[in-house]
Amino acid sequence: QRRDLGVIDVAALIINKQIGTGIFTTPGLVLSLTGSKTTSIIMWFCGGIWAFLCVIIYVEFGSTFPFNGGELIYLDEVLRQPELLATVLFSAFFIFVPNTDGNSLQFAKHILLASNPTVTETTELDKRLISYVAISILTVVSFIHYFSRNSGLLLNLLFAIYKVVLVIVLIICGCVASKKPENGWSDWGQHPIGSKNVLAAMIYIIYSYQGWENANYVGGELKIESRALKWGAFLAVGITTVLYTLVVMAFSLACSFEDLAGQDLGVVSNFAPKAFGRQGVEGIKVCIALSAFGNLIAVVYTSSKVKQQIARQCIIPFYNFFARDDKQFLTPGGALILHWVMAVVWILSTPNTSNGYGFVIGLFIYGQLVVG
């Protein structure tokens with residue numbers, strides 16, 4: 001197995017998974033649950049600290065067990081009795097719990113909103129069309145990784161750079177917009193919502209920071225001598241923490257509480273006009289869709305490697321098919337098919353609403369917290 005992924009590749013894998021659509025869709029939900037802009041910003045920073053603590057642990061595991069599979073390997077080594085219990089439980093979780101359908105659906109929603117400016121709410125979109133576009137983009141990403149590993153890694157690097165630049169632009173434009181009339185300063189100290197649910201808000205924040213473990217899934221492809229995992233992970237989480245904290249602050253400075261709170265598309269519908277003008281609204285929708293696409297590039301690549309490793313444990317049906325590499329392209333063809341099938345099932349069965357999105361987030365995060 002080729003060990004050719006360095007520090008930058010590791011950082012790109014993590015940044016691409018962390019910065020998907022969560023930072024654009026969840027700040028409003030977090031704000032509505034905390035009832036305070038100040039509390040919301042502090043919690044986003046605390047989320048970064050939580051990610052750092054997790055990274056420290058995962059770097060140690062990754063350095064000790066430099067193999068593909070991540071938690072599949074770690075749990076098997078730590079919880080050896082009863083034999084295979086941890087392996088089977090994690091395998092079931094990783095195969096059946098969704099981790100790409102959320103960003104597939106977000107890509108579809110934002111692209112469709114950008115193509116039809118008269119539509120302002122996702123509830124007005126055709127649910128069948130959303131599912132079709134989501135499955136189509138997931139299929140495209142799966143084909144990219146099937147036919148060329150290097151192309152997938154190159155796209156992963158390019159989209160990581162794109163996302164960092166995009167968030168920096170949003171921070172700058174948000175600060176500029178805060179100097180305009182009707183900005184977010186007027187209600188900064190107010191607390192319009194009486195009841196608060198900080199723990200529920202933290203779940204959304206953890207979801208947005210999720211991705212620090214992404215490079216551990218391909219530990220067998222990392223350069224050991226350069227300590228790529230350690231420095232790449234710290235670099236990525238550090239960048240994401242700073243960017244998340246500053247961009248949430250920029251959203252809060254530019255928009256009032258009512259403009260942001262409780263909306264999963266608050267950035268598009270309320271922040272973008274103030275930061276970029278009316279002509280920039282459709283552009284920001286496309287930018288968020290591209291961010292979701294970058295997330296899919298990173299997650300499909302690493303998830304297929306884990307599913308291939310699960311198949312090699314010989315504990316799932318047709319494990320020979322799912323464990324093998326394509327002879328021509330040397331990519332995990334069977335595992336990519338398994339990942340695509342399960343993601344499509346979730347896309348078709350999950351409601352394309354904010355409640356459905358929240359359900360997917362909760363299911364994945366609670367499961368990931370138990371595993372972690």
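Helix axes here are lines fitted to C-alpha atoms over the stretch in contact, and the angle between two of them runs from 0 to 180 degrees between N-to-C directions. The model on your screen is a predicted one.

Begin by selecting helix 7 (residues 101-115) together with helix 14 (residues 281-311), whose axes come within 8 Å and cross at roughly 160°. Because angles over 145 degrees count as roughly antiparallel, helix 7 is described as roughly antiparallel to helix 14, and the crossing of the two is left-handed. To see what makes the contact, show the side chains of N103, S104, F107, H110, I111, L113 and A114 on helix 7, and on helix 14 those of E282, K285, V286, I288, A289, A292, F293, N295 and L296. Coloured by class, this contact between helix 7 and helix 14 has ten nonpolar, four polar and two charged residues.

Next, move to the largest nonpolar core, which has 67 residues and in which I23, W44, V247 and F271 touch the most other members. Helix 11 (residues 228-254) supplies the largest share of this core, namely eleven residues. If you then centre the view on W44 and set aside its neighbours within four places in sequence, you will find W44 in contact with I23, T26, P27, V30, I205, S208, Y209, Y244, T245 and V248. Another core, of 25 residues, lies apart from the largest one, and its members include A292, L296, V300 and V344.

Finish at S142 in helix 8 (residues 127-147). Is S142 buried or exposed? S142 counts as buried, because its relative accessibility is 8%, and the cut-off for buried is under 20%. Not counting residues up to four places away in sequence, S142 touches V300, L336 and W340.

How values were computed: Residues numbered from 1 in each chain as written. Predicted model: local features only at pLDDT ≥ 70, side-chain atom pairs only at ≥ 80, totals over all residues. Heavy atoms only, no water. Helix = DSSP H or I, 4+ residues; strand = E, 2+ residues; numbered from the N terminus. Parallel < 35°, antiparallel > 145°, perpendicular 65-115°, else oblique. Left-handed = near helix turned anticlockwise from the far one by under 90°. Contact = heavy atoms within 4.5 Å. Nonpolar A, V, L, I, M, F, W, Y, C, P; charged D, E, K, R; others polar. Core = buried A, V, L, I, M, F, W, Y, C linked by side-chain atoms within 4.5 Å. Buried < 20%, exposed > 50% of the residue type's maximum accessible area, 1.4 Å probe, protein only.
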